[in-house]
Amino acid sequence: MKNVLKYTLLVGLALIGLASCQESDDTPEEFPDWQEKNDAAFLQIYNEAKAAMARGEDWLMIRGTYRPDASDVAESPTDYIVVQVLEDGYGLVEPYSTDTVLVHYEGKLLPSTSSKTGLTFDSSFYLKYEEGVSTPYQGCVKNFIEGFATALQHMNRGDYWKVYIPYQLAYKSSSTGSIPAYSMLIFYLRMEDFWTKIEGDRWEPRVNTGNE
């Protein structure tokens, strides 16, 4: 009898939930025309970056690490990430895909219905970055999404970049967590340090050997 009552209660709750959903059908959509908006936004920033680079400003366009060679396929703007260099770091080497990095980052989406400045979907720090206080995130370069890994492999220690990643180099047509499908990702990304594995469990900071 208890099982019957439990089943009846669950069905009742489900019907109430369904009715609530039906009553709230007029709730504004959070991400309307999202793919079209993200396509247009990335193309705009891509063209703005090209113009800024022509003026000698500190912008970069970097081809995705895992994109086919440009000589083999027709190129598309979405084969690239766009970077605005906010601060230059130091050193002459960048991480390999197998290196471990320490980074600070804040990831945002384009503005949506309830977030006029764009949802912050992830961050390595709480509320705001505090130099020397905030603990950076540690991870292996190759384990990040393609656009993020591409940026990392072109950064020196101390670099601070604003990185625009088209959804083709991020989560594509899939949604994950609070990130809807077809989302261009915007990262404020700071390279703190990185190491390379030398043997067994030993890692050491990689420095310029004169061969790079």
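A salt bridge here is a side-chain nitrogen of Lys or Arg within 4 Å of a carboxyl oxygen of Asp or Glu. By that rule the count comes to 6. The model is predicted, so local features need pLDDT of at least 70 and side-chain atom pairs count only at pLDDT 80 or more, while totals for chains, interfaces and linings use all residues. Residues are numbered from 1 along each chain as its sequence is written, and side-chain values use heavy atoms, leaving out hydrogens and water.

Start with Asp193, which forms a salt bridge with Arg157, the closest N and O atoms being 2.6 Å apart. The two sit 36 residues apart, Asp193 in strand S7 (residues 185-199) and Arg157 in the loop between helix H3 (146-152) and strand S6 (160-165); helices (H or I, at least four residues) and strands (E, at least two) are DSSP runs, numbered from the N terminus. Arg157 counts as buried at 11% relative accessibility, and Asp193 is partly exposed at 21% (buried means under 20% relative accessible area, exposed over 50%, partly exposed in between, with a 1.4 Å probe and protein chains only).

Next, look at Arg63 and Asp79, whose side chains meet at 3.7 Å, N to O. Arg63 is buried at 19%, and Asp79 is buried at 10%. Salt bridges with shared partners tie Arg63, Glu75 and Asp79 into one network.

Now over to strand S3 (residues 100-108), where 8 of the 9 residues are buried. S3 runs antiparallel to S5 (residues 137-140), with 4 bridges joining them; pairing takes at least two DSSP bridges between strands. Val101 has Gly139 as its bridge partner in S5.
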